[in-house]
Amino acid sequence: MSELIEPNAAPSRINPTIPHPARIYDYLLDGKDNFAADREAAEQLVAISPGTREGVRAHRAFLRRAVRHLVGEAGIGQFLDIGAGLPTQGNIHEIAQEMIPDASVVYVDNDPIVLTHGRALLTSSPTGVTRVIEADLRRPQDILTHPDVLSVLDFSRPIAVIMAGVLHFIPDAEDPYSSVEQFKGAVPSGSHLLLSHITLDFAPQVSSDEFSKPYDNSAAPMIPRTRADVLRFFDGWRLISPGVVEVVDWRPDEDEYQEPIPGGGHAWAYGGIAVKP
């Protein structure tokens with residue numbers, strides 16, 4: 001079982017010389033919670049794909065739309081966000097609790113800086129509940145048996161499990177499919193899985209080795225997967241329309257400004273939601 005980090009203990013375990021996916025993502029979203037190593041890795045990504053920044057924003061917009069669907073259309077009021085990353089505008093609990101004030105959200109991440117900032121900034125609505133825990137999706141039982149998870153989420157009612165932009169940091173050798181299946185097996189009928197994943201399907205001219213090179217010295221590798229690979233994560237659950245599509249094509253909002261994405265116009269990521277029968 002993962003232990004909670006003491007407030008003053010997390011900073012001592014942050015290594016600013018090793019790029020971390022959460023901090024790279026933060027930099028690409030114009031955040032300030034990143035170090036020189038993270039910025040260098042991010043700029044390498046931009047050099048490979050000039051549309052990286054716009055693609056990251058498009059991915060964040062997909063997440064906002066998807067959460068609004070889960071709350072507004074599916075009626076979900078409980079969220080387990082695994083690989084949550086650093087707080088930014090439009091966090092899951094803010095979207096959910098605006099629509100359902102007593103919504104409950106547990107954020108999970110394995111980066112100490114995420115824990116430090118998350119606990120300071122991810123404050124809940126007066127009637128809702130928000131928690132931030134340290135754990136790793138590669139150890140599902142640590143998350144599923146964590147006391148904060150068990151005290152906040154009611155596993156007898158539908159839960160939305162969110163894995164947005166995190167599974168592409170788990171190589172096949174560490175069996176991300178098995179991890180996802182454990183979470184799918186732990187939640188009841190009517191639960192939803194929201195997932196997004198980096199792909200090179202829209203950039204056949206770029207090799208996987210070239211694309212992942214900026215992450216070679218980071219805390220986690222980057223593993224792009226095909227649409228068929230991404231579909232496997234949803235096995236046994238019913239995909240909702242429009243299925244697994246590029247994130248910019250998942251229920252686009254006519255009132256939402258979509259930045260033009262240079263370098264081919266693709267966000268290089270699939271997204272989708274499925275419901276447990």
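**Ground rules.** I am working with a predicted model, where local features need pLDDT of at least 70, side-chain atom pairs count only at pLDDT 80 or more, and totals for chains, interfaces and linings use all residues. Residues are numbered from 1 along each chain as its sequence is written, and side-chain values use heavy atoms, with hydrogens and water left out.

**Overview.** I find 10 helices and 8 strands in the chain; these are DSSP runs numbered from the N terminus (helices H or I, at least four residues; strands E, at least two). Among contacts with a separation of 6 or more, 77% join residues 24 or more positions apart; a contact means heavy atoms within 4.5 Å.

**Helix H1.** I checked residues 21-28 next. In H1, 7 of the 8 residues are buried, so the helix is largely enclosed by the rest of the structure. The buried ones are Pro21, Ala22, Arg23, Ile24, Asp26, Tyr27 and Leu28. Asp30 follows H1 and has a positive phi, near 65°.

**H1 against H3.** How far apart are the axes of H1 and H3? I get 9 Å, with a packing angle of about 100°. Axes are lines fitted to C-alpha atoms, for helices over the stretch in contact, and angles run from 0 to 180 degrees between N-to-C directions. The two helices are therefore roughly perpendicular to each other, a label used for 65 to 115 degrees. On the H1 side, Tyr25, Tyr27 and Leu28 meet Thr52, Arg53, Val56, Arg57, His59 and Arg60 of H3. I picked out Arg57, which is partly exposed at a relative accessible area of 23%.

**Cores.** I then went through the nonpolar cores, each a set of buried Ala, Val, Leu, Ile, Met, Phe, Trp, Tyr and Cys residues joined through side-chain atoms within 4.5 Å. The largest has 32 residues, of which Val67, Phe79, Ile162 and Leu194 touch the most other members. H3 gives this core its largest share, 7 residues. Leaving out residues up to four places away in sequence, Ile162 touches Leu63, Val67, Phe79, Leu80, Asp81, Ile82, Ile92 and Leu194. A second, separate core has 31 residues, including Ala135, Leu193, Phe233 and Tyr270.

**Helix H8.** Which residues of H8 (176-186) are buried? My list reads Pro176, Tyr177, Ser179, Val180, Phe183 and Lys184. They lie on the same side of H8, because they cover an arc of only 160° around the axis, taken from the directions from the helix axis to the C-beta atoms. These buried residues pack against strands E1 (78-82), E4 (160-164) and E5 (192-198), and against helices H6 (140-144) and H10 (227-232).

I noted a cis peptide bond between Ser241 and Pro242, with omega about 10°. Pro242 sits in the loop between strands E6 (238-239) and E7 (245-246). Asp175, in the loop between E4 and H8, has a positive phi near 55° and is partly exposed at 38% relative accessibility. Arg251, in the loop between E7 and E8, has a positive phi near 45° and is partly exposed at 31%.

Methods. Buried < 20%, exposed > 50% of the residue type's maximum accessible area, 1.4 Å probe, protein only. Parallel < 35°, antiparallel > 145°, perpendicular 65-115°, else oblique.
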